[in-house]
Amino acid sequence: MVAAGCGLRSASGIVLHANPGAIRHYESLEGVRITVAAKDFTEQLILGNMLSIILNAAGADVTNMTNTPGSYGVREALLKGEADVAPEYTGTGWISYLGHQHPIRDPIEQWRAVNAQDAANGLTWLPPAPMNNTYALAIRESQAAKLGVTKLSDLAKLDKSELTFCVESEFANRNDGFVPALHAYGLTIADLGKVTRLATGVIYTAIADGDCNFGDVFTTDGRIVSLHLRVLADDKGFFPLYNVTEVINSHLLAEHPELAEIFAQLNPKLTNDVMSTLNAKVDKYGKEPALVARDWLIHEGLLS
């Protein structure tokens, strides 16, 4: 997934200390140098610091390259061997890096496909988290209750006057965006009451303020929580899947298979609700991403 928000930035290179918890210390990792890279937006700042803190607590000698500019900056670092592990999204790997136009709708099959193809590049994708940072349509909670909508297929039941949308330009023009999504759920532009194009950062507040009933969002954005928005379930599975996981240098993983064991304890805990709450701590309350990451790891008992 491309940046879902700018957020605050962590100082690259710093790894906060935490003690082992459910994720234990491994003697086999002592002195092993591992470089973590992550992108330069809120969610990635949190995730990159999570991986760095976990690996440090597990015994590795960690270099933290969280805050690397852009998706392709991180990708190049992995391909060139300048980084060993990074948090990444299966849809980004399949569509942006490996060049496929059509996503795979099943999350496990999407992961298996990107992992199998990226093996040729010396990279392994670990089994993904439930967290799926993709496009969605959202509505403010109070209006959702009033209209009785919980999923995208409910839109076809609404009166035209209630079908008001705020959308950003990229989403309006993508082949996996607004118009194709409407068609998937039995609607056309002609069926809608009003469509307003706005900048991405404005859409969340426009929905919350009632300027429109519906708008496009990223499913793990912290503003969903802080502005009391409801993400409508994509019950026909239209939008591509961007489940997060760790991409690891295959040679490093072969030498240290315990890394898969470590992240198998983290990934099941990373859900959309968890990530949007953590993102909100940074974007709304101004907390430092590394501290948000460490506090959550300790709260969950993964570290202490």
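In this predicted model, Lys151 has a relative accessibility of 29% and therefore counts as partly exposed, since that class lies between the 20% and 50% limits. Its salt-bridge partner is Asp154, with the closest N and O atoms 3.1 Å apart. Asp154, by contrast, has a relative accessible area of 5%, and because this is under 20% the residue is classed as buried.

A second bridge is formed by Lys269 and Glu300, whose closest N and O atoms are 3.6 Å apart. This pair links distant parts of the chain, 31 residues apart: Lys269 sits in the loop between helix 11 (258-266) and helix 12 (272-283), whereas Glu300 belongs to the segment after helix 13 (289-299). Lys269 is partly exposed at 30% relative accessible area, and Glu300 is likewise partly exposed, at 29%.

Another pair to follow is Glu141 and Arg230, whose side chains meet in a salt bridge with an N to O distance of 3.0 Å. Here too distant parts of the chain are linked, for Glu141 lies in helix 5 (residues 141-147) and Arg230 in strand 9 (residues 229-231), 89 residues apart. Glu141 is partly exposed at 34% relative accessibility, and Arg230 is also partly exposed, with a value of 21%. The bridges described here are among the 10 salt bridges found by a search of the whole structure.

Which cysteines are joined by a disulfide? The link runs from Cys166 to Cys212, with a distance of 2.2 Å from S to S, and the count for the model comes to 1 disulfide. With -125° about the S-S bond, this link is left-handed. It connects distant parts of the chain, 46 residues apart, because Cys166 is in strand 6 (residues 164-167) while Cys212 is in the loop between helix 8 (200-208) and strand 8 (214-218). Both Cys166 and Cys212 are buried.

As for the annotation, an unreviewed UniProt entry lists residues 33-297 as "domain: ABC-type glycine betaine transport system substrate-binding". In the model, the end C-alpha atoms of this span lie 22 Å apart, and the span is 43% helix and 18% strand.

Conventions
Residues numbered from 1 in each chain as written. Predicted model: local features only at pLDDT ≥ 70, side-chain atom pairs only at ≥ 80, totals over all residues. Heavy atoms only, no water. UniProt positions renumbered as here; feature names shortened; annotations may be inferred. Helix = DSSP H or I, 4+ residues; strand = E, 2+ residues; numbered from the N terminus. Salt bridge = Lys/Arg side-chain N within 4 Å of Asp/Glu carboxyl O. Buried < 20%, exposed > 50% of the residue type's maximum accessible area, 1.4 Å probe, protein only. Disulfide = S-S within 2.5 Å.
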